[in-house]
Amino acid sequence: IMLHSTLALSLLLIAVTSNLAMAIKKEKRAPQTLSRGWGDEITWVQTYEEGLYQAKKSNKPLMVIHHLEDCQYCQALKKAFAENEEIQEMAQNNFIMLNLMHETTDKNLSPDGQYVPRIMFVDPSLTVRADITGRYSNRLYTYEPQDMMFRKMISAGKLY
């Protein structure tokens, strides 16, 4: 009986220890948030519809970032966006922010095609601002890390 209870206690201890190790491993992983790596301090809306509602309600423009996880250009832009304190602060304070890994039903958000990365702005009157573009004539709403959208974002920020 002594051997039996020692064995049972040992098995219980092993089970508890392995469960604890798994719980610790899970905790160490960063929680997946709506930021998807674009900036954890930014308040992100979940859907385009929610973004439109918040833009109208707050009188701030909505910034919509279209991207994909397996796109190297998106990853480079995301890294530059996330590491730039000025842009992070501007995004948090002056915009309603949404990043999407799928297309919306609003065709106004893809006036020249459905490519990534693509960043578009919707002003508080819920007008998609097709006039705010990057420097590429073949992909008007794409940006590169070195562009970092300062002038465009600042001018878009003045929409509200």
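Buried means under 20% relative accessible area, exposed means over 50%, and partly exposed is in between (1.4 Å probe, protein chains only). This is a predicted model, where local features need pLDDT of at least 70, side-chain atom pairs count only at pLDDT 80 or more, and totals for chains, interfaces and linings use all residues. Residues are numbered from 1 along each chain as its sequence is written, and side-chain values use heavy atoms, with hydrogens and water left out.

Q: What makes β3 mostly covered?
A: 5 of its 5 residues are buried. Arg118, Met120 and Val122 point one way from β3, while Ile119 and Phe121 point the other way. Strands (E, at least two residues) and helices (H or I, at least four) are DSSP runs, numbered from the N terminus.

Q: Why is Trp38 called buried?
A: Its relative accessible area is 0%, and the cut-off is under 20%, so Trp38 counts as buried.

Q: Why is the pair of Trp38 and Phe81 called edge-to-face?
A: Rings of Phe, Tyr and Trp (its six-membered ring) pair if their centres lie within 6.5 Å; planes under 30 degrees apart are stacked, over 60 edge-to-face, the rest tilted. Here the centres are 5.4 Å apart and the planes sit at 75°, so it's edge-to-face.

Q: How do you know that Arg118 lies over the face of Tyr115?
A: Its distance from the ring centre is 5.7 Å. The rule wants NZ of Lys or CZ of Arg within 6 Å of the ring centre and within 35 degrees of the ring normal.

Q: How do you know that β1 and β3 pair?
A: Pairing takes at least two DSSP bridges, and 5 bridges join these antiparallel strands. Leu62 stands opposite Val122 in β3.
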